[in-house]
Amino acid sequence: MIRNLRRRFILISAASIFVVFFGIFLLILIFSRVQMNRTMDTLTDAISSNDGVFPKFDPLEKRPPSQFPYSDVITAETQFSTRFFTVWLDDRQEIDRVNIDSISSISESEVENYVKRAVKERAERGWIADYRYKVVRTDTGSTMVFVNGAMNQNVTNRLLFTAFLVLLGSAVLILGLTIIISKRAVRPIADSYEKQKQFITDANHELKTPLTLILSNLDIVESEVGKNEWLDDIRSEGERMGLLINQMVTLSRMDESDTPLEYTAFDLSGAVTDTVSEFQSLAAERNKTLTAALEPRVTYCGDEALIRRLTAILLDNALKYCDPGGRIQVTLSQRRHPVLTVENTYAEVGTLELDRLFDRFYRADKARTFSGSFGVGLSIARSIAKKHRGSITAYQKGTTIGFRVALK
């Protein structure tokens with residue numbers, strides 16, 4: 001149990017770290033892309049608004065004309081590091097003329113290809129390969145400005161790669177520290193759990209001895225004075241206490257994750273059939289119908305005794321809470337793994353807290369009227385299922401409550 005708790009603590013921490021760092025990286029990615037696009041758009045705006053050529057600088061001020069937005073992006077040296085070409089199109093979207101004075105490494109066929117792709121996109125701005133483009137509509141057609149953004153893309157990608165490495169290293173470091181301190185973090189819970197187990201063990205020994213003496217002396221008293229209703233009540237409550245002690249010890253042992261199970265291959269269909277047969281007569285006595293639909297020759301590798309007990313717990317629970325004259329249905333099927341279901345009719349199923357049925361000592365009866373149950377059986381069933389790396393869940397179908405056990 002403590003090992004599972006520690007593992008869950010580490011998994012939750014790892015998931016939290018991943019979500020936070022992924023969110024940080026996503027924000028950096030978005031911000032970087034937005035900044036890069038804004039920088040490139042500033043260049044395309046400056047060129048497109050200046051008749052397709054780079055704006056002239058005032059030699060004294062060394063700044064571009066003030067009408068350009070974000071003019072702080074453009075400096076006196078920007079025109080020498082900016083590679084671009086401009087294409088003028090007529091009203092039929094055919095190339096009228098081209099200005100490739102600022103770039104010599106592009107051919108006319110490449111220019112035509114970029115223009116065709118930009119026209120096909122039908123967007124004012126966008127990316128085509130390494131070029132950021134802008135389309136300006138005019139009275140005679142349109143003007144397209146293509147600015148090479150390979151350098152900005154490389155810088156942005158290097159920044160993102162560096163951020164990724166830093167965040168990944170930080171996440172690994174934090175996760176490593178989490179694993180180291182996880183043992184100390186769960187130590188108080190581990191100590192409390194050990195004390196609880198020790199208490200149950202001690203209580204078992206301390207209670208069983210006087211309980212045995214009480215029941216033995218009760219036999220002596222009955223032999224002398226004869227049976228009566230008071231002695232019968234004492235015996236009934238003594239036996240009930242003995243049963244509760246045994247179930248508490250069973251739960252404690254089931255929670256011992258280090259306790260090895262005797263895994264053997266056995267006929268699961270036969271085991272369930274035998275258990276159902278044991279409850280057939282009891283169900284008939286209580287005027288309840290117990291039927292089974294079991295797939296034959298279903299085999300399983302596990303602890304046969306515990307699986308039989310799991311089935312018995314579910315059937316016993318169904319008999320206790322099934323409506324008078326109601327129906328109990330048991331099914332066993334072989335899917336990817338064996339699946340066992342036990343369903344029974346229960347008119348008040350809507351009042352149940354299904355997610356709490358497996359809590360220890362939980363009783364649907366708020367008055368806790370004793371009905372032969374302590375609210376421990378389903379907890380034992382869940383522990384058995386977990387021991388076999390399986391699961392057990394409760395569900396509702398109309399006025400029917402069911403329990404589904406998936407064995408792995």
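Two residues are said to be in contact when heavy atoms of theirs lie within 4.5 Å. This description concerns a predicted model, in which local features need pLDDT of at least 70 and side-chain atom pairs count only at pLDDT 80 or more, whereas totals for chains, interfaces and linings use all residues. Residues are numbered from 1 along each chain as its sequence is written, and side-chain values use heavy atoms, with hydrogens and water left out.

The protein as a whole comes first. It has nine helices and twelve strands; helices (H or I, at least four residues) and strands (E, at least two) are DSSP runs, numbered from the N terminus. Of its 408 residues, 38% count as buried; buried means under 20% relative accessible area, exposed over 50%, and partly exposed in between, with a 1.4 Å probe and protein chains only. The accessible surface amounts to about 24,400 Å², and carbon and sulfur atoms hold 55% of that surface; such areas come from the Shrake-Rupley method with a 1.4 Å probe, and for residues only the protein chains shown count as cover. Among contacts with a separation of 6 or more, 66% are between residues 24 or more positions apart.

The next subject is a sheet. Strands of a sheet pair through backbone hydrogen bonds, either parallel or antiparallel. Here two strands are taken to pair if DSSP finds at least two bridges between them. S3 and S4 run antiparallel and are joined by four bridges, and Trp 127 stands opposite Arg 132 in S4.

Strand S4 (residues 131-137) also holds Lys 134. Is Lys 134 buried or exposed? Lys 134 counts as buried because its relative accessibility is 11%. Its side chain makes a polar contact of 2.7 Å with the side chain of Asp 45. A polar contact is a pair of N or O atoms within 3.5 Å; within protein, one must be able to donate a hydrogen and the other to accept it, and residues adjacent in sequence count only if both atoms are side-chain atoms. Leaving aside neighbours within four places in sequence, Lys 134 is in contact with residues including Thr 44, Ser 48, Glu 124 and Thr 143.

A buried residue is also found in a helix. Ser 182 belongs to helix H4 (residues 150-185) and counts as buried because its relative accessibility is 0%. The side chains of Ser 182 and Arg 6 are joined by a polar contact of 2.8 Å, and the side chain of Ser 182 reaches the backbone oxygen of Ile 179 at 2.7 Å. Beyond its neighbours within four places in sequence, Ser 182 is in contact with Arg 6, Phe 9 and Ile 10.

Another open sheet has five strands in the order S7-S9-S10-S12-S11, and its pairing is mixed. Strand S7 (289-294) and strand S11 (391-397) are the edge strands, each pairing on one side only. S7 and strand S9 (residues 327-334) run parallel and are joined by six bridges. Within this pair, Ala 292 has Val 330 in S9 as its bridge partner. H7 packs on the sheet and touches S7, S9 and strand S10 (338-345).

Helices also pack against one another. Two packed helices are described by the angle between their axes and the distance between the axes. Axes are lines fitted to C-alpha atoms, for helices over the stretch in contact, and angles run from 0 to 180 degrees between N-to-C directions. Helix H7 (residues 268-285) and H8 pack at about 30°, with their axes 10 Å apart. The axes of helix H8 (residues 304-321) and helix H9 (residues 377-387) come within 9 Å and cross at roughly 145°. Leu 310 and Ile 313 of H8 are among the residues that make this contact, as are Ile 380 and Ile 384 of H9.

H9 is mostly covered, with eight of its eleven residues buried. Arg 382 lies in H9 and counts as partly exposed because its relative accessibility is 29%. Leaving aside neighbours within four places in sequence, Arg 382 is in contact with Phe 358 and Ile 392.
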